[in-house]
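Dear colleague,

Please find the structure we discussed handed over below. My notes on what was found in it follow directly after.

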Amino acid sequence: MRRYARIIGTGSYLPPRRLTNNDLAAELAQRGLETSDEWIVERTGIRARHFAEPDVTSSDLALEASRKAIEAAGIEASDIDLIIVATSTPDMVFPSTAAILQHKLGISNGCPAFDVQAVCSGFVYALTVADSMIQTGAAKHVLVVGSEVFSRILDFNDRTTCVLFGDGAGAVVLEASDEPGILSTELHADGSHVGILCVPGNVSGGNVLGDPLLKMDGQAVFKLAVSVLDKAARSALEKAGLTDADIDWLIPHQANIRIMQSTARKLKLSMDKVVVTVDQHGNTSAASIPLALDHGVRSGQVKKGQTVLLEGVGGGFTWGAVLLKM
């Protein structure tokens, strides 16, 4: 009998500081940059985002989201036997944010904890790893988190990128089950596209080398994202023996409403079947999919037994999809 990884709890957390487009435009105006709510909404669909305070880390956001997911799962933190955190904005160079989160959760059972770095595809990558660990019997209860403080790596002198991103965290608890859960996964990467979305800086000898702020070729990212997301979705459906018509909900990476609309059209899905949070969260990178999933669950949109397609694309260039039963 097949052993499935099934989601039994979801949780999310957004830092209290919320900036509307008008709020951000006012801050940018002080730097001599012009932007507007109309300009941002027309190009991205984003109306607001949340920024963490300077002393708040990815593990702090992850802790709040994890507590909610564990509570929703009806288990104790000590029942977790694997922690995977997807993040591109870790607390430290090392140890992993997952290890720091483990300590903050008070989990002292020695369970493995590690980070996955695939930028905006990170949560899909982390879910795939967790699914494999559960299928092989290496874990029974897995905490998978996407957590980001992207505000730390934004160039606020570049209005084309700084308006896009926000901070937040989302989490799920997976349980080994005989009931259908994750049905199929699909992961890819193409390092030849490193330059179109990256933070090229690094640390050496206590000094920052290169540029430590985010750089993006928006047009190139858009074109590649639309192409690869459709292929990943169809491959995941084919592996599970399902079709477009079997999808109850599409929960894509929340980067740009136009990318999401294009993906839905290619899958012959109405936008009524797409969970959308990009308007209120902005692009929260690895946190965007679990944030949207938790929103869908807690709003009553996403229900037990429904078929959900998760998909993401990000720097690397990385992309992937996860098809699952709730």
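**Helix H10 and its surroundings**

Helix H10 is followed by glycine 300, whose phi is positive, near 90°. The model is predicted, so local features need pLDDT of at least 70 and side-chain atom pairs count only at pLDDT 80 or more, whereas totals for chains, interfaces and linings use all residues. Residues are numbered from 1 along each chain as its sequence is written, and side-chain values use heavy atoms, with hydrogens and water left out.

Helices (H or I, at least four residues) and strands (E, at least two) are DSSP runs, numbered from the N terminus. H10 is mostly covered, with eight of its eleven residues buried; buried means under 20% relative accessible area, exposed over 50%, and partly exposed in between (1.4 Å probe, protein chains only). The buried residues of H10 are Ser288, Ile289, Pro290, Leu291, Ala292, Leu293, Asp294 and Gly296.

**The chain as a whole**

The secondary structure of the chain comes to ten helices and 15 strands. For 326 residues, a compact globule would have a radius of gyration near 20 Å, and the 19 Å of the chain agrees with this. That radius is taken over C-alpha atoms, and the globule rule is 2.2 Å times the number of residues to the power 0.38. Along the principal axes, the C-alpha atoms fill a box of roughly 60 × 45 × 40 Å.

Of the 326 residues, 56% count as buried. The accessible surface of the chain comes to about 13300 Å², of which 51% belongs to carbon and sulfur atoms; accessible areas come from the Shrake-Rupley method with a 1.4 Å probe, and for residues only the protein chains shown count as cover. Among the contacts in the chain with a separation of 6 or more, 77% are between residues 24 or more positions apart, where contact means heavy atoms within 4.5 Å.

**The four-stranded sheet**

Four strands form an open sheet in the order S8-S15-S14-S13, with mixed pairing; two strands pair if DSSP finds at least two bridges between them. Strand S8 (182–189) and strand S13 (249–252) stand at the edges, each with a single partner strand, so one side of each is left without a neighbour in the sheet. Neighbouring strands of this sheet are turned by 10° against each other on average, direction ignored. Axes are lines fitted to C-alpha atoms, for helices over the stretch in contact, and angles run from 0 to 180 degrees between N-to-C directions.

Strand S14 (residues 307–314) and strand S15 (residues 318–325) run antiparallel and are joined by eight bridges. Leucine 309 stands opposite leucine 323 in S15, and leucine 310 stands opposite valine 322 in S15. S14 and S15 form a hairpin with three residues between them, and glycine 316 in the turn has a positive phi of about 145°. S8 and S15 also run antiparallel, joined by seven bridges; the partner of isoleucine 182 in S15 is leucine 324. Seven of the eight residues of S15 are buried, so this strand is largely enclosed by the rest of the structure.

Helix H5 (residues 122–135) lies across S8, S14 and S15, running at about 125° to S8. H10 (residues 288–298) packs on the sheet as well, touching S13 and S14, and its direction makes about 145° with that of S13.

**The five-stranded sheet**

An open sheet of five strands has the order S1-S7-S6-S4-S5, again with mixed pairing. Its edge strands, each pairing on one side only, are strand S1 (4–13) and strand S5 (113–116). On average, neighbouring strands of this sheet are turned by 20° against each other, direction ignored.

Strand S4 (residues 82–86) runs parallel to strand S6 (residues 141–149), and five bridges join them. Within this pair, isoleucine 83 stands opposite leucine 143 in S6. Helix H4 (residues 97–104) packs on the sheet, touching S4, S5 and S6, with its direction at about 125° to that of S4. H10 packs on this sheet too, touching S1, S6 and strand S7 (167–177), and its direction makes about 90° with that of S1.

**Histidine 50**

Histidine 50 is in strand S3 (residues 48–50) and, at 11% relative accessibility, counts as buried. A polar atom of its side chain lies 2.7 Å from the backbone oxygen of proline 15. Not counting residues up to four places away in sequence, histidine 50 touches Leu14, Pro15, Pro16, Arg17, Arg18, Gly166, Asp167, Gln280 and His281.

With kind regards

Definitions and conventions:
A polar contact is a pair of N or O atoms within 3.5 Å; within protein, one must be able to donate a hydrogen and the other to accept it, and residues adjacent in sequence count only if both atoms are side-chain atoms.
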